[in-house]
Amino acid sequence: MNFLVVSCSLNPESRSRLLALSIKENFESKEEKVQFLDLAEKQIPFCDGDQVYSEPITDELAECISSADGIILCVPIYNYDVNAAAKNLIELTGRNWMGKVVGFACAAGGNGSYMSVMGVANSLMLDFRCHIVPRFVYALGDAFQGNAITDPELVERVEELSAEMVRVSKSLIAN
Ligand SMILES: Cc1cc2nc3c(=O)[nH]c(=O)nc-3n(C[C@H](O)[C@H](O)[C@H](O)COP(=O)(O)O)c2cc1C
């Protein structure tokens with residue numbers, strides 16, 4: 001199995017990146033193959049629905065998505081949605097998402113936005129028949145100190161999401 005963890009925040013002090021790194025470590029501890037894609041480390045153009053599809057970076061991103069069986073999107077919540085960089089990645093890579101198992105780990109500023117990934121989850125299901133793992137990680141700032149995840153409940157939820165991603169992906173491949 002190939003897993004992909006995508007860190008979607010462009011903020012150098014991102015908390016969702018800490019979630020992403022922790023999820024990657026969880027996959028590694030299970031001896032699963034995992035790739036890490038940090039959108040902040042790439043120069044990614046906005047999707048114009050046209051010329052951008054001929055750019056090498058678009059092919060590179062498409063390859064990352066298509067080679068993964070299961071993908072965990074680690075996203076900042078902006079304006080009750082995933083951030084624009086996450087949405088842009090999906091616009092750029094389109095059909096490469098077909099049939100993938102997708103999970104979400106979110107960093108947010110408040111509890112009220114906990115359903116914010118549902119829009120993008122719906123679009124992945126409707127457009128690309130993705131299987132959404134129905135166990136989200138949703139973390140607020142007080143669960144972190146510096147670069148560490150300090151809330152034990154959050155650590156547990158990250159482990160549960162990683163384990164569920166492996167279980168669902170393997171079950172689907174087996175059938
Ligand atoms: C433009 C912007 C919009 C935001 N909108 C929301 C929001 O709708 N709901 C929320 O809970 N937090 C919101 N936040 C807070 C972020 O979700 C929070 O800072 C989170 O840690 C960002 O993820 P990151 O640390 O991985 O970059 C917003 C922050 C920014 C900068």
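1. Around the ligand, helix α1 (16-29) and strand β3 each supply at least two residues of the shell. The largest share, three residues, comes from β3. In this predicted model, 16 residues surround the ligand, and the closest are Ser14, Ser16, Pro76, Ala108 and Gly109. Sorted by class, the shell has six nonpolar, eight polar and two charged residues.

2. Strand β1 deserves a look next. Five of its six residues are buried, so β1 is largely enclosed by the rest of the structure.

3. The partners of β1 are β2 and β3. With β2 (residues 33-38), β1 pairs in the parallel sense over six bridges. β1 and β3 also run parallel, joined by five bridges. Leu4 shows both pairings: Leu4 stands opposite Gln35 in β2 and opposite Ile71 in β3.

4. The helix α1, which contributes to the ligand shell, also belongs to a right-handed β-α-β unit, together with β1 and β2.

5. Which residues of helix α3 (residues 84-93) are buried? They are Ala85, Ala86, Leu89, Ile90, Leu92 and Thr93. These residues lie on the same side of α3, because they cover an arc of only 165° around the axis. The general rule is that an α-helix has 3.6 residues a turn, so residues three or four places apart point the same way.

6. The cover over the buried residues of α3 includes β1 (2-7), α2 (56-66), β3 (70-78) and β4 (81-82). Just after α3 comes Gly94, with a positive phi of about 35°.

Notes: Residues are numbered from 1 along each chain as its sequence is written. This is a predicted model: local features need pLDDT of at least 70, side-chain atom pairs count only at pLDDT 80 or more; totals for chains, interfaces and linings use all residues. A residue is buried if 20 or more other C-beta atoms lie within 10 Å of its own, exposed if 12 or fewer, and partly exposed in between; C-beta atoms are placed from the backbone. Helices (H or I, at least four residues) and strands (E, at least two) are DSSP runs, numbered from the N terminus. The arc is that of the directions from the helix axis to the C-beta atoms. Two residues are in contact if their C-beta atoms, placed from the backbone, lie within 7 Å. A residue is near a molecule or strand if its C-beta atom, placed from the backbone, lies within 6 Å of it. Ala, Val, Leu, Ile, Met, Phe, Trp, Tyr, Cys and Pro count as nonpolar, Asp, Glu, Lys and Arg as charged, and the others, Gly among them, as polar. Two strands pair if DSSP finds at least two bridges between them. A crossover is right-handed if, with the strands pointing away from the viewer, the path from the first strand over the helix to the second runs clockwise.
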